[in-house]
Every structure is written in C-alpha cells, then in structure tokens.
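This briefing turns to the contacts within and between chains, taken topic by topic. Please keep the sequence and the model at hand while reading.

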Amino acid sequence: MSPDTTAGASPVNQDVSLQVPAQAHLETHPGLSPDGGPSVTLSIWRGDPGGGAFVEYQMPAIEGEVVLDVVHRVQAGPAPDLACRWNCKAGKCGSCSAEINGKPGLMCMTRMDQLPQGVPVVVAPLRTFPVIRDLVTDVSFNYTMARQLPPFAPRPAGPDGIYRMMQIDVERGQEFRKCIECFMCQDVCHVIRDHEENKAFYAGPRMFIRYMELESHPLDTNDRRELIRRRTGLSLCNITKCCTEVCPEGIHITDNAIIPLKERVVDASYDPVAWLGRKILRRTKRSAAEAAADAPAFSSPTREDR
Amino acid sequence: MPDHETHDFDVVIIGAGGAGLRAAIETKERGLRTALVCKSLLGKAHTVMAEGGAAAAMGNVWPDDNWQVHFRDTMRGGKLLSNWRMAQLHAQESPERIYELERWGALFDRTSDGRILQRDFGGHRYARLAHVGDRTGLEMIRTLQQQAVALGVEVFMECKVLRLLKDADGRASAAVGYWRPSGDFVTFNAKAFVIATGGIGKSWLFTTNSWECTGDGDAIAAWAGADMLDMEFVQFHPTCMVWPMTARGILVTEGVRGDGGALRNAEGRRFMFDYIPPMFASETAATEEEADRWYDDHTNNRRPPDLLPRDEVARSINSEVKAGRGSPHGGVFLDIATRRSPEYIRRRLPSMYHQFKELAGLDITTDPMEVAPFQHYMMGGIWVEADTGATTVPGLFAAGEAAAGMHGANRLGGNSLSDLLVFGRRAGMAASDFAGGRLGTPTVEEAEVDQICKAALEPFGRDSGESPYNVHRDLQETMQQLVGLIRSETELVRALDALDKLDERTKKVSVTGTPAYNPGWNLATDLPAMLTVSRLVTRAAIERRESRGGQTRDDYPKPDLELGKVNLIQRLRPDGTYELEQVPLPPMPAELAALLEEEPK
C-alpha cells in the first residue's frame, strides 16, 4: 500500500487510532505549551503496509530550521516512535528523502522558511517504494538493480603501475559519482512510480547514470551496451526529465546520461557503419556475455533479495 | 518475544563505513564467508561525510614527499603519543591503498600530467590529500561499496548489534542484535569479528557526527573485556558551522584553509599568527606574506598557522571567542571570499558553497563563513595490535575510528580516510587468518542470548518512565558543558556524577509502539553504549592531568613530561567497574625516532 502524497487529500486506509488532535500534544508535552509565539505544523504520514493516515503536529517555530529538525523535535516530543531515516543532516548521504508538499526533497536541506507559510507542511514517504513504517520505505529495489550491473573492469596500468587520466576525461564520470543515492530520481520516474510491474526489468535513472559513468570511464573494458538494451528497460524512458528536476546534486541525468546512453545503445545495435567497423576493427572492449558474467546478482543473490 | 534468526559466518564485520567495507573486501577476496552488518542502509555510513581527502605520500605534487615525512608529521601531530608502528604502516601503505581505489573505479581529481592530484591540509608538510573536490568520503564509500557488491559480500542493512558474546574459552563467538525494520532479533555466530563502527559523537550536543555514531563498537568491545586506549583524546574540529543554530556542528572542511582560506577575528586580524606553539614554530610562517607565498612555493616558505594541527587551531579559536573577539554567532570568521576567485571556490569547494547557500543563505564567494570547534573524531578507542588490528579479546579485531593508537593525542586531517583503508585491510587479513585457524563451530550460551534480547525489550514493559530522548538530551548537555574542548577536574568529576544519574534514568526509560522501525526504542538501546563510552572518556580525562592534543586542561595547561611517556588503558573488572592503568609507550626504533628530530628544510 502506498500512501497518497497529495496535500490535503483524504488519507489512504484511514486509521483513527493514529489521528491525534494537534492540540493534544501541546497540552500533554511539557515545554511545548502554547505561548502565543510563532508555530509550524507538520502533517506527517503515519502508518505501515496495512495503511495509515496523516497526523498533524504543531510545534513552536525556530529560526533557520529544516524539515528534518522539526521531525526530530516531533520524535523528541509527541511521537518518539515516528519512523524516519536520516544520517548526515548535511545533504551528503541521501537518507532522508521524503515527499514534502507533494514533491520529493531531502528533509535535511529543505528549509521551513522557504515553504508556504501559515499552512501545514505535508511530509509523506517516497511513493514508489513499499512503506515499512511512517516515512521509511523499502528501497531494496535499488540495491537489487545495483547488483545486476557488470562491475568496473579496468585495463592494465602503465609500465610504472600508475594510471594516467586527464581531468577533462574524468569530469563526466565525476558528475555521475556525485550521486548520493537519495533515490528521488527513482521515486519520480513515472515508468515505475505508477507501474509496479515495470520494476522487474527497469533499472531507473539512478542506475542509468551509473551505466553511463562506466561507459565514459577512461579505464573500463566492459561493453554493457547490449545488456543495457536488453535488461535495463532504458527504452521505456521517454525523457520527461522529472529525474533531473529533483536531483539534489544537480546531475544532468537526462541530458548527460540517459540521452547519450540511448544513442550509444542504438549505435551499437542498429548502426550499419558501426556494425561494419566492429567486424573490421579489433575489438577493444569485452562482449556483453563476458560482461554479464561478472554481475554479482547472477551468481550470488544476497540478503537484500528478501 | 519477536522471531529470532541465526546465521553462521566465518567473519562478521560490524560497521559498513570505510574500514568495515575495506575489511569485508579483504575477507571476501580471501574466500571467507563474510557478513557485513550495519545500522543504516549500505553507503550511508559516516565516511560519506568526509570532505577534504585521504592523506598518502604519493609525491604527485611535491616529489620530495615520502613515507618518512608523512610518518614524522603524523607523530608530531599526535603529540608523540601515536603508536609508532601504526603511524609507520599507515605512512608506508597509504599510497598503495589509494591506487587500489582507482583500480576499483574511483575517479580522483587529476594533476596536469594525469596523476592523482593532492591538496594541502593542516599539519602535513606537503600537499598530500588525494581528493575529489570536497566530497572525497562519498567517492571512497561508493567505490568500496561497489567493490563489495561486485564481490558478493552479504550485507545486513539496518541491523543493530547489541552485544558480543564469547565461548567458554573466551573467544568472540557471537554478535546479538536486531533488525531495525522489524525489530526481530538476530544472532551472528562467527569465528572472527571485526568492529568498524566509527565514532562516538552523539554523546555531545554539537557534533559533526551522524546519528549512528553512538560508540556501539567501543562499548561492545569494552563490555567483552577488551582493553580501551587513550579514551580522553577527543578531537574538536576547529571549523564547523555555528549558525543557524540548527546547523551548528555541520563540518566545514579543512580544505577551505588548505585552498587558501584564512581565519580572522572580529577585528579582521589573522589571529592564528598569535598562537604558534614552540613545537611548530620552525615549520610555520611568521608573517602573512610568507604564509601567502607558501601556497605556490612550499620549498622556500613555511606553512600558514591557519594550517596548524586541529587541536592548536581549535584552542586558538576558543581563546579568541573567550576574549570577546568572536563573530556575531559565537565563532570566528573563515574567509576565502577575499582570497580566491568565485570560480576557484566553486570548483574546489562545491559542497561548502552549496551547504552555506542552502542552510545559512550565505554566499561563501562573497562573504566570510562563521566557524567554531565542535566534536568531530575519537582518537581513543579499542586497543589493537598495530599489524593485525587484534584486540585483547581473541577473535575480536577492530579498525578505523573505533580502534585507537594510530592518531595519538590528535589526528591530522586526511589521515582518517587512509587509516580506514590501511587498517581495514589489515584487520580483514588477520581476521581471515584467525577464522581459518579456528576449529569447530563457535557456540555461546543460549541463555545469554535470551537475556540480551529480554533486556533490550524492557523499555516497552515500563509505562511511566521518561522518554529516551530526554535522557539523551541531558547526556549531550552534560558532555558538551563538562567534557568539552577545555576541561577541568571539578567539571569532569561533576560529569561523572551526572553520568551516574543518567545511568539510573536509562534503566527506567520507557518507549511506546512496537519494535518495528521505532527510533525511540532504537535510541533506548543506543543509550547504554553512549553512557559507557562517555564514562570511559571522562575517567581518562580526569587521570591525564596535563594538556596535550585533544585533551586541554584548564587546571593543567602545560604538557607533562612523564605523562607524555604513557598511554592510558581501561578494562572491565568482574564487578562491572573499569580499572585504569598507565602503560609506557612501546619503544620506538632509533631510525624512526631520528625522523622526528629532523628539522624541515
């Protein structure tokens, strides 16, 4: 069951036991007595796979706070069992992704004073992934997709044992390696957001930039283009750029990864000149079959498959 | 009681930051059945927040650099209390560990001839930090994560370890914990364990550490009887954000200063020139002109005092603020805006630019940052054998921030990331050997396991206790106020009293809901570890009646010659208290000692 993330919409599978009037917290929790000062209200989805509802928490406003700060104060006050993921609280780890007022964002980098004032801020879990509890979702899909990737396979180093790469040649890959795996690009991708059935064969924007990173890596020897065509569902992407818009690292997912990847795959499979070239010229990259054999998911499924 | 599952492995690694991942890669490559157990999702560990880089004497920018100079810098930075053998291994092996990351797909910034670029950092004589802009930790954790995944390491994510159990012969044999998503208990039986759980910062109110850094590894090792080393040495990183209040403690990389940033007080004065200690006078610039020339010419100029080791800079900032020359929000100014071009700043320090822009509404290319020292790193921790990472408990190994010895009284910036790689690998090697040589199936008493699970669930059974968040908050206030950067006997003794009371309160906390993904309950199970570690820190801080590195005593402001020759070891007694012992430093070979004498050119 996925929660409805639209602000103000009626909650899915409403559970009345979770609906506690906001005022109750102010009365029962010491230190939060209404003092007439400015306040903020979070409307947080609370529930589990069986269903849930939005619950409002009114808290005193504090200057400079981000959404995660208020969530933490809710945990320390009225709702100690409110589940949410977070780690660095500095926009570097990608743990605290949520749908804030209907849009995916990192709770740690979304300032309260930049959201509409005077109305509750609606915080819901990422919709594309199954809910575990409250704001925490099961993102194992992304880890499964990561294991299907034939890993980096570098060419041998130079005579002195050291690789030489120019800055300009590593910069494309460095852009993709800024990815903090917040999985918000996966969350907004309509190929899987509203189509659970596509998940089995769709790697998603996060993995497309990973494939493109390796495609553009100056040292890599694996040819993954045939695999990308057959197994990652790249053709299902119709370039709506939703992923690019939500990327907190500003990675040009569509322009710099997905479109070039599509071109490379098409060239590899359907371009007669490229085909002829491959027949005549010496092959420098390993084949699709060789590359596929390297992917860990095909040899040793792990715990995350549960 | 919830379901209880059991797994059998050769090696179980607790913690999936840099050290844990590197250890797991090693044991997996050696063919051992390896489990990697971590409290968060894979790839989110605190290593991801490291910014500036990994120190390794590759000599790509300054060919004069070599392991001997790196060894010297590390030992002096650690105020000569580092384990010399660890400092030597670290200096010798770091370059190969960095090149290894490159073979696994890492993309470091490059020199103009295509080699790995290195940047300047505090306390390092040469530009030595391999880096990727200011997101080196992310690059490192992702590379290690992808390599571990490629090798098929089994990862148990969002799984918290509560205790480590020994068999009848005293060997580490099982780790008992729970799955955070379900709250179900799990036991890992293994022939060897590696603790790589990182730091302890969550016992302080303002820290650069993430929620995970609750000292779990230190505590479970101490409870299992392992020797704990130099627990008084806690690093306060000199430059952390101070404003807005809610962003207080977020790290500002030393790379800002390495790339030309200068510390200034409210009068605009570069005050670090007033705080150059005698130990570093011969290698530190005496004038602003010399300091500024150094960035382009390390050979004929000396390092700016802004790049003194972290303990020195942190104390100096503290003194300026106390003297009333601080910034509006209680820090000092860190200015790179007037010293480097906006393009340069955005290219070299992209996440600093982003972080201040988003959280403080401040453009670091036009305005100075406000910074102050906050808790950042734990030099002390589990005593380990230098070459192997073996603790005093057979079958138990440790690496990374949880292990101690490498950094002595103060860690140099950049030495942590390379420490994780060098000693993560070594712990993995030694754990593999130990597991390979251990016969039979590890067994522990079922009743012990049951007792641990029962105790963990107790907060659910109490309905009138206080919230674990209240206890945690008070613990943080206590450590922040009484066991901070500047310490005194009176305050430390008060802290011990306060910790006793917090211990009692922890035994009475109650939580609501079910064990499934319940942060309140998770915190309740983290509190015992935080309290144990806080007590070990405070006890050692009382015992070391001198100022040295991460230990600054108001009542003993100078280093003590005799205390400079000893480490402090604490270990659990059968009655539940900890004995504390002064242990002489291991004797250093003459050829290494000679390196320390050498004056820089």
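In chain A the domain assignment, whose bounds come from an automatic or database source, gives domain 1 (16-137) and domain 2 (140-305). This is a predicted model, in which local features need pLDDT of at least 70 and side-chain atom pairs count only at pLDDT 80 or more, while totals for chains, interfaces and linings use all residues; side-chain values use heavy atoms, with hydrogens and water left out. Residues are numbered from 1 along each chain as its sequence is written, and chains are lettered from A and ligands numbered from 1 in the order in which they are written.

**Domain 1 against domain 2 in chain A**

- Counting contact as heavy atoms within 4.5 Å, 14 residues of domain 1 of chain A are in contact with 18 residues of domain 2 of chain A.
- The two domains of chain A bury about 1,200 Å² between them, with 53% of it on carbon and sulfur atoms; buried area here is the accessible area (1.4 Å probe) that two parts lose on being put together, summed over both.
- On the domain 1 side, Pro104(A), Thr128(A) and Phe129(A) lose the most area to domain 2 of chain A, and together they account for 46% of what that side buries.
- Across this domain interface the rule finds 2 salt bridges, a salt bridge being a side-chain nitrogen of Lys or Arg within 4 Å of a carboxyl oxygen of Asp or Glu.
- Glu99(A) forms a salt bridge with Arg193(A), and their closest N and O atoms are 2.9 Å apart.
- The elements giving two or more residues to the side of domain 1 of chain A that touches domain 2 of chain A are β3 (97-100) and β4 (103-106) of chain A, where helices (H or I, at least four residues) and strands (E, at least two) are DSSP runs numbered from the N terminus.
- The largest share of that side, 3 residues, comes from β4(A).

**Chain B against chain A**

- The contact between the chains takes 67 residues from chain B and 62 residues from chain A.
- Chain B and chain A bury about 5,300 Å² between them, 55% of it on carbon and sulfur atoms.
- Lys44(B), Leu107(B) and Tyr517(B) supply 13% of the area that chain B buries against chain A, which is more than any other three residues supply.
- The rule finds 4 salt bridges across the interface of chain B and chain A, and Arg142(B) forms a salt bridge with Glu181(A), with the closest N and O atoms 3.7 Å apart.
- Among the elements that give two or more residues to the side of chain B that touches chain A are β1 (4-14), α3 (84-103) and α4 (136-151) of chain B, and α4(B) gives the most, with 8 residues.

- Asn301(B) is found in the loop between α8 (288-294) and α9 (310-322) of chain B.
- With a relative accessible area of 8%, Asn301(B) is buried, a class that means under 20% relative accessible area, with exposed over 50% and partly exposed in between (1.4 Å probe, protein chains only).
- The side chain of Asn301(B) makes a polar contact with the side chain of Arg293(B) (3.0 Å); a polar contact is a pair of N or O atoms within 3.5 Å, where within protein one must be able to donate a hydrogen and the other to accept it, and residues adjacent in sequence count only if both atoms are side-chain atoms.
- The backbone oxygen of Asp297(B) lies 3.1 Å from a polar atom of the Asn301(B) side chain.
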